[in-house]
Each structure stands twice: as structure tokens, then as C-alpha cells.
Amino acid sequence: MRLGCIADDLTGATDLGVTLAREGLSVVQVNGVPPPDLRLPDTDAVVVALKSRTNPAAEAVQWSLASLAWLQGRGAERIYFKYCSTFDSTPRGNIGPVGDALLDGLGERRTVATPAYPRNGRTVYKGNLFVGDVPLAESGMKDHPLTPMRDSNLVRVLAAQTHRKVLLVPCEVMDAGASAIRARLEALDGYAILDAVRDEHLVAAGEACREMKLTTGGAGLAMGIARALGVKRTSASALPQLAGEAVVLSGSCSQATLRQIAAFQGPAFRIDPHRIEPEAAIRFAADHLRERPLIYASAPPEGIVRGKGEAIEHAFRQIARELARQGVRKFVVAGGETSGAVVEALGVRALAIGPEIDPGVPWTAAQGGEPYLLALKSGNFGSPEFFAKALEMVR
């Protein structure tokens with residue numbers, strides 16, 4: 001295994017998986033800490049998808065170290081810790097605590113960190129993260145119900161989460177290429193936040209970090225590392241033909257997802273956060289299955305009811321389980337927490353990465369157990385027409 005990856009949520013894992021597949025690696029995604037007896041085909045990369053972004057830091061560390069041990073036991077040459085392109089975290093973690101634990105577990109004293117991916121509108125300049133042209137702290141992420149991002153400066157954000165030093169590798173060094181980046185990193189103890197305003201910066205960073213045992217970032221840096229590994233290009237797996245109906249489930253409250261809901265042309269049912277009734281949603285979906293309905297709990301910032309997240313996740317578990325019993329086999333899911341709930345409810349342990357719908361979002365096919373096709377979308381990703389595009393691909 002050339003690359004063992006640990007992602008802090010499900011949609012981030014599929015984003016990483018499709019990025020690696022696009023760069024020529026064969027990829028399998030495993031959902032949750034892999035059991036010791038899990039058998040997988042020979043592959044260039046395995047992505048372990050955890051649900052560790054917002055749970056207690058100690059639990060996130062425990063799961064990440066268990067995943068590290070499993071990957072090392074299967075010969076992983078390098079480890080990649082993948083987090084969101086908007087650096088979703090709080091002063092308590094979990095990016096810093098997990099990064100620290102992985103460094104200690106690997107016996108390393110340095111690594112890099114950058115969520116940048118200019119291809120997807122995420123850039124880092126002078127240590128500040130931009131979402132499109134907007135600083136992170138002025139974007140919709142400032143009102144995220146679980147990880148509100150109120151500071152755009154990643155050096156400060158990460159320094160609050162770790163006892164290690166956090167320094168910046170600025171654009172001037174990134175412009176100078178891999179040798180200059182490598183020289184700057186060799187003098188480092190701790191973390192280096194990498195500026196990146198062009199994909200070429202990430203390609204150079206991948207080459208500079210090729211021999212590091214641990215690297216951390218969004219899908220963008222993984223693209224650079226995959227290119228540095230020089231694996232022969234392959235194509236993403238074709239989706240199997242699968243009978244059964246399709247539904248869209250959305251728990252994300254991101255601005256991108258809200259635009260997608262507004263653009264949706266089919267029947268739609270909104271879950272009332274004040275009166276969460278999964279049975280009503282199931283009845284609505286059952287009455288409209290042939291029309292491929294949308295069930296959503298998404299809301300703008302002024303409509304979010306705090307403290308209802310777990311209840312809504314539980315509702316989506318019930319909805320997914322019952323709709324699967326009624327013959328639904330194709331699920332489009334918006335939001336990392338919602339995706340984790342749906343995959344758990346369906347009992348899906350591993351996914352093959354299929355064709356890309358929009359940048360960073362592929363269709364995937366469940367491996368082993370019941371057959372399902374799943375499009376698991378980070379809340380921030382996708383064009384306004386994403387739901388329609390995804391459904392059109394599985395007619």
C-alpha cells in the first residue's frame with residue numbers, strides 16, 4: 001500500500017478518494033475503524049473514513065491511532081491525515097490533537113498542514129484561508145452549528161490546538177519550488193502551514209513532502225503527493241448497474257447546499273426541527289419514490305435550532321433504514337454528519353470510488369453486503385444543480 005489515509009469524516013474521505021483516483025491510484029474507502037479481519041483487494045491507497053471531526057478529542061485520537069495501527073499492519077508506506085478544506089475545528093480540536101497523536105505514533109517531529117485546493121476555490125495566502133474570494137471568517141462557515149470558523153488565520157487556529165510550534169511557509173517559498181520548500185521544512189519542528197494559491201504550489205509541496213511519513217491537509221495536497229508517487233494512471237471504477245429507487249437526503253446547512261435545495265425541481269419534504277417526525281418523512285418519500293424525492297433538515301443560520309443535531313442524525317438513520325427496506329438503493333446525501341448517519345444505518349463498511357459528479361464528489365458503490373450506490377457530498381461542495389446531475393447519472 002503506497003498511501004494509508006485517515007479522514008475525519010465520510011464526505012471528506014470520498015473527496016480524498018476521488019482525488020487520488022483522478023491522479024491514477026487505485027483506492028478503496030473503509031467506513032469506521034477497520035476490524036482486524038477485514039479483507040480488501042490489493043490497492044495503492046486505502047482511505048479510512050472516521051466520524052471524528054466533532055466528537056471529543058480523546059475519542060478522535062483513539063480512533064485515529066487504531067486506524068494508523070491497522071494501516072501500518074497492512075504495509076502503508078506513508079500516512080495522510082485528511083480534514084475539511086475549510087479547516088473545520090474548534091480550539092479544542094480535533095485537527096491538532098489528532099495530528100499530534102499521529103506524529104507521536106510515527107516517531108516524527110514535523111509535518112505540514114494545508115486545506116488549500118485552488119481547483120475547488122480554497123486558497124491559503126499569508127496563512128489566511130479563503131473560500132473563493134472571501135476570508136474563511138467572513139464566509140458561511142462563520143455560522144457553522146458545530147465548528148463556527150471565526151478566524152481565517154490558520155497559524156493561529158492550529159496553534160490553539162497543539163503544544164507544537166506552528167510556522168508558515170509563505171507564497172514566496174512556494175513559488176521557488178520543491179527544493180526551497182524542502183529546505184524550509186528540514187529546519188522545522190512542529191507544523192508548517194503551507195500557502196497555496198495555485199495548484200502548482202500543491203504539486204511542488206507534494207514533491208517536497210514525498211519522503212515524509214505523515215502529511216496532513218485537504219484533498220489538494222493529496223493530489224500533489226499522488227503525483228509525486230508517480231503511480232501509473234488508471235480510471236475510476238465504473239458504477240455497477242443497480243435496480244431500485246433513488247432519494248436525496250440533506251442535513252447540511254451550508255450555503256452551497258441551501259442553493260442546491262432551492263434549485264431542486266422534484267418533490268421535497270422539510271423535517272421540522274421543533275417537531276422531528278421521521279415517520280412523516282418516510283411516508284412522504286414512499287408516496288413519491290418514482291419521482292426521486294428530497295428529504296431535508298437544512299436551514300439558513302436564522303432557522304437553525306441549536307441542540308437538535310443528534311436528534312436529526314437519528315431521524316436520518318431511521319429514514320435511510322426504512323427506505324432501504326422499501327427498495328431504495330441509490331442515495332444522494334448532503335452533509336458529513338448526515339452521510340455518516342446514513343452509511344451507518346445501511347451497514348456499509350467499504351466503498352469503491354466511482355465517477356465524479358462535481359469536483360470532489362463521486363458516486364461510490366458499496367462493497368460487500370447489500371448493494372447500494374451512494375453520493376456523499378460535503379455540505380460546501382457542488383454546483384446549484386448538483387442533485388439533478390447526481391440523479392441523472394444513475395437513471
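A salt bridge here is a side-chain nitrogen of Lys or Arg within 4 Å of a carboxyl oxygen of Asp or Glu. The structure is a predicted model, in which local features need pLDDT of at least 70 and side-chain atom pairs count only at pLDDT 80 or more, while totals for chains, interfaces and linings use all residues. Residues are numbered from 1 along each chain as its sequence is written, and side-chain values use heavy atoms, with hydrogens and water left out.

Side chains of opposite charge can pair when their charged atoms come close. Under the salt-bridge rule, the count in this model is 27. One of these pairs is Asp100 with Arg164, at 3.1 Å from N to O. Helices (H or I, at least four residues) and strands (E, at least two) are DSSP runs, numbered from the N terminus. Asp100 is buried, with a relative accessibility of 8%, and Arg164 is buried at 16%. Buried means under 20% relative accessible area, exposed over 50%, and partly exposed in between, with a 1.4 Å probe and protein chains only.

A second example is the salt bridge between Asp88 and Arg53, whose closest N and O atoms are 3.5 Å apart. Asp88 lies in the loop between strand 4 (79–82) and helix 3 (95–106), and Arg53 in the loop between strand 3 (45–49) and helix 2 (57–73), so the pair links parts 35 residues apart in sequence. Asp88 is buried, with a relative accessible area of 4%, and Arg53 is buried at 11%.

Arg325 is exposed, at 62% relative accessibility. Elsewhere, salt bridges that share partners join Lys51, Glu313, Arg317, Glu337 and Glu344 into one network.

The nonpolar side chains come next. A nonpolar core is a set of buried Ala, Val, Leu, Ile, Met, Phe, Trp, Tyr and Cys residues joined through side-chain atoms within 4.5 Å. The largest such core has 66 residues, and Leu20 and Phe331 have the most contacts inside it. Contact means heavy atoms within 4.5 Å. Leaving aside residues up to four places away in sequence, Phe331 touches residues including Val247, Leu249, Trp363 and Tyr372. A second, separate core of 40 residues includes Val46, Ala60, Phe81 and Ala219.
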